Structures are given as structure tokens and as C-alpha cells.
Amino acid sequence: MAASHHNGKKVTPALRISQLDALELNKALEQLVWSQFTQCFHGFKPGLLARFEPEVKAFLWLFLWRFTIYSRNATVGQTILNIQYKNDLSQTQNYQTLSKHQKLWYLICTVGGRWLEERCYDLFSNRPLESFRKTKYFINLAAGLLKLCELLNFLIFLQKGKFATLTERILGIRSVFCQPQSIRQIGFEYMNRELLWHGFAEFLIFLLPLINMQKLKLRLSSWSLAVAGCSNKESSWVTGSKECCLCGEWPTMPHTIGCSHVFCYYCLKSNYLFDMYFTCPKCGIEVHDLQPLKYKIEMKEVYTQ
């Protein structure tokens, strides 16, 4: 037996939360195995497995039992959590593996019990209720009493921490840790880093909508021009109203905002509607009033220069 080398060693009882986690892991594994198995028949006729579904499930659970409980004295969930079943009928503090009878009865109570429940449900759902009324009544009564016993067993388990399921209590098998539990050294550097970046991202999400990107872009462009400087010829060309300060083209319907720079009417109006605090990208003056130029710019002036 795979776990025979643990015989004679003292064991530590498994925690309640570890036993419950192992049960949840077992349920998740069974759902995963069944979903993967049904996907193999995805291209076949619909309802192909519906008729023999209880038998197919019983065969899969039998396969899992063979390579978990029978060979390792532990389910998959228990193996992940470093837990094994101990023969509690031996009345010793040392570890004792399960007997073959306990393993077989575990198979009958778990796999056989679920198969019988599903098959009885299909049997009575397809037959007239009049001919099976008494049989159905006794089966429902037995199922209700079984559920009540499971509830009482769970309450006792919460109090004493032994036998998480009714099957374990009946068969006398107990969950114990395979090895003594040591204090785990947990590093929180990764968690701290993730929390820091998460908080920084939330701050940016809150801050970015409050920033006027258009205004910031224009302000940066004006600062870059001020640092780089402009030649006298370029300054005279700008002040001569030969290009729009926003698009850089010949100004269409030239307007000013109170400074010596000229803008296209549509460039100026669109930016002003987008940002009521729009400023000149060249000098930084705020918009006071949109005023058309009082003199006309002739195209021939461009060709004479």
C-alpha cells in the first residue's frame, strides 16, 4: 500500500476548515472531470449520455476511487491539503491505514449511494405515480431521514472537529495531517506592490478626466516656442497675420482674442467651445472676446515676400 510507510507514526488531527476545503475541492474536481468527459461527446447526437448518465458517472467516480482512496487513503482534495484518512477504529494515536473493508464500504456509500439516488429519481419520474406511490413514499422518507442525520453529523463535526461526513462517522475513518504542520513564512511584497499599483491606477482614473489635455498641449507648445525662441523674420511673419496660430495655415475668416496673434474663426471657435478657459498658445492670454480683423490680408502680400 502506498501509505503503509506512515504506519506507526503519530498524527495530528486535521483542522475543520481543512476538512471542509477538501470536500469542496473534491466537488470541484468531479465537476471538472464530468465537464471534460461530456465535451468528448459534443459532436454526437444530443442526449446520447442522458439515458446512461448515472452509470457513466458511477464509472468515473469508481475510476477516481481506485487511484485515490484505494491506493493513497486520501481524496484529491485531501492530497492537496496534506490530509489522509486514518482508521479510527484501531483506537491508537499512531497512524493506521484503512482496511480493505473500509475502502469498499466507502465506495458503496459514496459512489453506490449517488448512483442509486439518481437512478431511482429517473425510475419514478418515468412511471405512473399510482403504481409506485407507496414505494416512492418510503424512499422519500428514507432520503429525508438521511438528510437529517447528515445535518446532525455536521453540527457534531462543528463542535468536535471529527468526521465531516456521515460516511466517515459510520465507517470510522478520520481525516488527519500526513506531516506535522509548520508555520508558513508568507511574504507580502507582491501583495503590497499590487495594492500600490492598484491604488495608483485608481488615482489616475480619477485624475485624468479633470485635466484639460487640449489646454495642457497648447501651454506646452507655447513654452517650447518660448524656450526655443523665434527669429525676427518669423516673429514679423506671425505678427503680420500670415498663419493661424492653431492650424498653421493661412487664416480663414481671421479673428483675434485680444492679442497680436491671429486665428481661423473655426479653429478658434471650436477650441473655445471645448474649453471656455482657452488661452493663446503663443502668449498665453485668455480669450476675452472673438474679434474679426479690421484690415484685410491680401494674398498678393504673400507672393511679394
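**Strand β2.** I began with strand β2, residues 83–87, and found it mostly covered, since five of its five residues are buried, where buried means under 20% relative accessible area, exposed over 50% and partly exposed in between, with a 1.4 Å probe and protein chains only. I noted that strands are DSSP runs of E with at least two residues and helices are runs of H or I with at least four, numbered from the N terminus.

The model is predicted, so local features need pLDDT of at least 70 and side-chain atom pairs count only at pLDDT 80 or more, while totals for chains, interfaces and linings use all residues. Residues are numbered from 1 along each chain as its sequence is written, and side-chain values use heavy atoms, with hydrogens and water left out.

I then looked up the directions of the side chains: Ile83, Tyr85 and Asn87 point one way from β2, Gln84 and Lys86 point the other way, and all are buried. In a regular strand the side chains alternate between the two faces of the sheet.

**Partner strand.** β2 and strand β3 (residues 173–177) run antiparallel and are joined by five bridges; two strands pair if DSSP finds at least two bridges between them. I traced isoleucine 83 to its bridge partner in β3, phenylalanine 177.

**Glutamine 78.** This residue lies in helix α4, residues 76–80, and counts as buried because its relative accessibility is 3%. Leaving aside residues up to four places away in sequence, glutamine 78 touches Ala22, Asn26, Asn73, Ile83, Tyr85 and Ser175, a contact being heavy atoms within 4.5 Å.

**Two loop residues.** Asparagine 82, in the loop between α4 and β2, has a positive phi of about 65° although it is not a glycine, and with a relative accessible area of 24% it is partly exposed. Phenylalanine 163, in the loop between α6 (133–160) and α7 (166–171), has a positive phi of about 60°, and it is not a glycine either; its relative accessible area is 9%, so it is buried.

**Largest cavity.** I looked up the residues that line the largest cavity and found Gln19, Ala22, Leu23, Gln78, Ile83, Tyr85, Ala164, Glu168 and Ser175. On a 1 Å grid over the protein atoms alone, a cavity is a set of points where a 1.4 Å probe fits but cannot get out, and lining residues have an atom within 4 Å of a point. The largest share of this lining, three residues, comes from α1, and α1 (16–39) and β2 each supply at least two residues.

How values were computed:
On a 1 Å grid over the protein atoms alone, a cavity is a set of points where a 1.4 Å probe fits but cannot get out, and a pocket is an open set with protein on both sides within 12 Å along at least five of seven lines; lining residues have an atom within 4 Å of a point.
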